[in-house]
Amino acid sequence: MTSTQSEIDQSYSVSNEFFRLWLDEGMHYTSASYLTGDETLEQAQLNKCRILYDYAEMTPDKLVLDIGCGWGSNLEYHVQRGTKRAHGITLSTAQVEWINGRNLPGVTALLMDYHDYEPAEKYDALQSIEMIDHLCSPAQAREGKAVELYRAYFKKCHAWVKPGSHFGFQAILRDKVPRTRKDLEDLAFTADVIFPGGLNPRLEELIMAIRPYWECVEMRTQRVSYGKTTAEWLRRMRLHEKEIRGRWGDQVFDDYDRYLSTCVRAFDNYWSSDVQMKLAWCPL
Ligand SMILES: C[S@@+](CC[C@H](N)C(=O)[O-])C[C@H]1O[C@@H](n2cnc3c(N)ncnc32)[C@H](O)[C@@H]1O
């Protein structure tokens, strides 16, 4: 597998309180969807949840699984819309403790690697928001294994749902390769230090990997939205510079400042993008 439990803990366990200082109130750690461009980060995050809810053809009676559920922001969105049972899995210890500590009615979260997950019953709908970026390392991509690893994931997801189900899926993408040494080093730093073991897929790889299990019936990309999201995270984090340096040390502030600044440039310069897909279950 790619990102191991300890690598995931490196990415998500600085401290829940640290992430609370600069993410939105719901603790979404993925691109929001700015549809008018004038929304707050909080409103744009809810836009994202609504798009993926619709892509999954959700209704309150359906049993939904969020694969790589983070701090449970999307699960919370479901129960606020009346979903009776929303399950999540995550590989981060801090995240699962956070979700279970909140005791949201209808929400359950497990500390679980998706590779090992065997659901007790079949789901009616799936969601996964920027979790696939952890499934193939740069070394595995160089060996030509990316599509095979992503396809193994889509195959498992297909087996977890009832025929006719839909999947609201979102992923960060990699696109153009930057030209300068500094830009390449900043991207390598983000991959090695902030998200070890992971690599953003290319859109073409995902399109190949979903077959023959899923059909992509709708798709939107949102490069500009991710640029705005990361710029807002950076702005909020800098507002708390003194507190962050005091509580978690200079290294944490400097690393996150470099990572978020690099993200803003990556979306501005087309090095990275983000995709949302409506995937429909296919008979085999
Ligand atoms: C970038 S975070 C996104 C979290 C959440 N979906 C959100 O929108 O805020 C990626 C998530 O994928 C989870 N993850 C990564 N690899 C995983 C694996 N093999 N099995 C289960 N979860 C995994 C991480 O623990 C984390 O919760």
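**Backbone features, fold and cores of the predicted model**

Asn103 is situated in the loop that runs between α5 (93–102) and β3 (107–111), where helices (H or I, at least four residues) and strands (E, at least two) are DSSP runs numbered from the N terminus. The structure is a predicted model, in which local features need pLDDT of at least 70 and side-chain atom pairs count only at pLDDT 80 or more, whereas totals for chains, interfaces and linings use all residues. Residues are numbered from 1 along each chain as its sequence is written.

Asn103, a residue other than glycine, has a positive phi, near 50°. Its surroundings can be described by counting the other C-beta atoms, placed from the backbone, within 10 Å of a residue's own, with 20 or more defining a buried residue, 12 or fewer an exposed one, and values in between a partly exposed one. Glu130 belongs to the loop between β4 (123–129) and α6 (138–142), and it is buried because 21 C-beta neighbours lie inside 10 Å. A further backbone feature is the cis peptide bond between Arg211 and Pro212, with omega at about 5°; Pro212 itself is placed in the loop between α9 (203–209) and β6 (214–221).

The protein as a whole contains 12 helices and 7 strands. Its radius of gyration, 18 Å, is close to the 19 Å given by the globule rule for 284 residues, so the protein is as compact as a globular protein of that length; the radius is taken over C-alpha atoms, and the rule is 2.2 Å times the number of residues to the power 0.38. Along the principal axes, the C-alpha atoms fill a box of roughly 50 × 40 × 40 Å. Of the 284 residues, 44% are buried.

Nonpolar cores were defined as sets of buried Ala, Val, Leu, Ile, Met, Phe, Trp, Tyr and Cys residues joined through C-beta atoms within 7 Å. The largest such core comprises 49 residues, and those with the most contacts inside it are Ala56, Val64, Leu126, Tyr150, Phe167 and Ala171. Strand β5 (residues 161–174) supplies the largest share of this core, 6 residues. A second, separate core of 14 residues includes Phe19, Leu260, Ala266 and Trp271.

Across the protein, 75% of the contacts with a separation of 6 or more are between residues 24 or more positions apart.

How values were computed:
Contact = placed C-beta atoms within 7 Å.
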